[in-house]
Amino acid sequence: MDEEEIRRRQRGRAIVMAVLLGLFVILVYAITIAKMGLYSS
Amino acid sequence: MTGMTLSEAQVPIADWRDFLALTKPRVMTLVVFTGLCGLLVAPATLPPALAFTAILCIALGAGAAAALNMWYEADLDALMKRTASRPIPAGRMDRQAALHFGVGLSFFSVILMGVATNWFAAAILAVSILFYVLVYTIWLKRRTPQNIVIGGAAGAFPPLIGWAAVTGNVAALPLILFALIFLWTPPHFWALSLFVRSDYAAAGVPMLPVVAGARSTRIQILLYTLPMAAAAVAPWPLGLAGPVYGLAASALSLAFLVLALRVLANKAAEPSGMKPEKQLFAFSVLYLFAIFGALVLDRFL
């Protein structure tokens, strides 16, 4: 496997991880709001 | 690593698609669907964000179990045509990476389920992952032809988890759904293992057709179809589902039974003559989707 291919894969994994972390932050926010709604009703 | 370039490193750098492949996304579809149905037929509702998270956790838990299965079975996968192109046997991924991914995803899915819904649902999710990995993959699969009979329980947990995520407990209906998937698994996998028998034999996996032969497997398929059909129809006479579900479950189970009888009547020993087995395998997937779909439809009509 050449160095360029390894770099390409690492970059791909980093981008996917960044997107997943961003989605996780949004999910935790949504869970928090939903839980607040449950406890206040 | 001093002085070593990236390309000289011995450990393969897996692509993100390889990590996705570790989670067996196609198998996950059925797991997610049955979990979603368990959640939808429960006698209460969750806010959409929590319901989504519960289903996400079921999917991630199933993916984690699949990754750990591929980590442990890399040697077997390399011997079978059907599985030789998976990331580890194909040399695209280091085994250690699959182990870390599987363990990490397991903890993540269970903790997120506990935080978002309740810890009872999280506990069932944890048990289902452990059951699939420890009982099925590590203990039973290489030792006994009953591997998928007992191991099938692992795939039967999702409706129970979906229901528990909403209610915090289990009741008769999710337990019957558990029994239905548990009894559906042997005919489903034995139909497959009949026409990929040589693959399992080459890898030394003691699947029923390898150990007991095709005739015995065909009889067992029919024998498991009968209680499976009973479990499928049971919610109707027990008053847990209405006539829409009852009629759909009866018709689908009858079709399953007819296909199982055609499998029993088949005498072919080679995969080329196993059209009834291939039809039963394909129909069995549709059957479970349709049964669970009918249950949700019945609940909302």
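How far does helix α5 (residues 95–116) of chain B reach from its first C-alpha to its last? Helix α5(B) has 22 residues and reaches 31 Å, close to the 32 Å expected at 1.5 Å a residue; the expected span is 1.5 Å times one less than the number of residues. Helices here are DSSP runs of H or I with at least four residues, strands are runs of E with at least two, and both are numbered from the N terminus.

## Model and conventions

This is a predicted model, in which local features need pLDDT of at least 70 and side-chain atom pairs count only at pLDDT 80 or more, while totals for chains, interfaces and linings use all residues. Residues are numbered from 1 along each chain as its sequence is written, and chains are lettered from A and ligands numbered from 1 in the order in which they are written.

The model scores ipTM 0.91 and pTM 0.91. For chain B the average pLDDT, the predictor's confidence in each residue on a scale from 0 to 100, is 93, and 97% of the residues score at least 70. Where pLDDT is low, the predicted coordinates should not be read in detail.

Chain A has one helix and zero strands. Along the principal axes, its C-alpha atoms fill a box of roughly 60 × 10 × 5 Å. Of the 41 residues in chain A, 0% are buried; a residue is buried if 20 or more other C-beta atoms lie within 10 Å of its own, exposed if 12 or fewer, and partly exposed in between, with C-beta atoms placed from the backbone.

Between the chains, 15 residues of chain A are in contact with 11 residues of chain B, contact being defined by C-beta atoms, placed from the backbone, that lie within 7 Å. The side of chain A that touches chain B divides into eight nonpolar, three polar and four charged residues. In this classification Ala, Val, Leu, Ile, Met, Phe, Trp, Tyr, Cys and Pro count as nonpolar, Asp, Glu, Lys and Arg as charged, and the others, Gly among them, as polar.

## Two domains in chain B

Chain B is divided into domain 1 (20–170) and domain 2 (171–301), with bounds that come from an automatic or database domain assignment. The C-alpha centres of the two domains lie 21 Å apart. Their contact takes 28 residues from domain 1 of chain B and 28 residues from domain 2 of chain B.

On the domain 1 side, α2 (25–41), α4 (74–79), α7 (147–151), α8 (153–156) and α9 (158–167) of chain B each supply at least two residues. Helix α2(B) gives the most, with seven residues. The residues of this side divide into 18 nonpolar, six polar and four charged.

The core draws at least three residues from each of domain 1 and domain 2 of chain B.

Leaving aside neighbours within four places in sequence, B:Ala67 is in contact with B:Leu22, B:Thr23, B:Ala98, B:Phe101, B:Gly102 and B:Leu105. The buried residues of α5(B) include B:Ala98, B:Phe101, B:Gly102 and B:Leu105. The buried residues of α5(B) pack against α1 (3–40) of chain A, together with α1, α3 and α6 (119–140) of chain B.

## Helices α13, α14 and α15

The 20 residues of α13(B) should span 28 Å at 1.5 Å a residue, and the end C-alpha atoms are 29 Å apart, which agrees. Buried residues of α13(B), among them B:Ile221, B:Tyr224 and B:Met228, pack against α10, α12 (208–211), α14 and α15 of chain B. For α14(B) (residues 243–265), 23 residues should span 33 Å, and the end C-alpha atoms are 32 Å apart, which agrees. Its buried residues, including B:Leu252, B:Phe256 and B:Leu259, pack against α10 (172–195), α13 (214–233) and α15 (275–300) of chain B.

B:Ala282 is placed in helix α15 of chain B. It counts as partly exposed because 13 other C-beta atoms lie within 10 Å. B:Ala282 and B:Ala191 are 91 residues apart in sequence and 9.3 Å apart in space, C-alpha to C-alpha.

## A positive phi at B:Lys24

B:Lys24 has a positive phi of about 45° although it is not a glycine. Most residues other than glycine have a negative phi. B:Lys24 lies in the loop between α1 (16–22) and α2 of chain B, and with 18 C-beta neighbours inside 10 Å it counts as partly exposed.

Technical notes: Contact = placed C-beta atoms within 7 Å.
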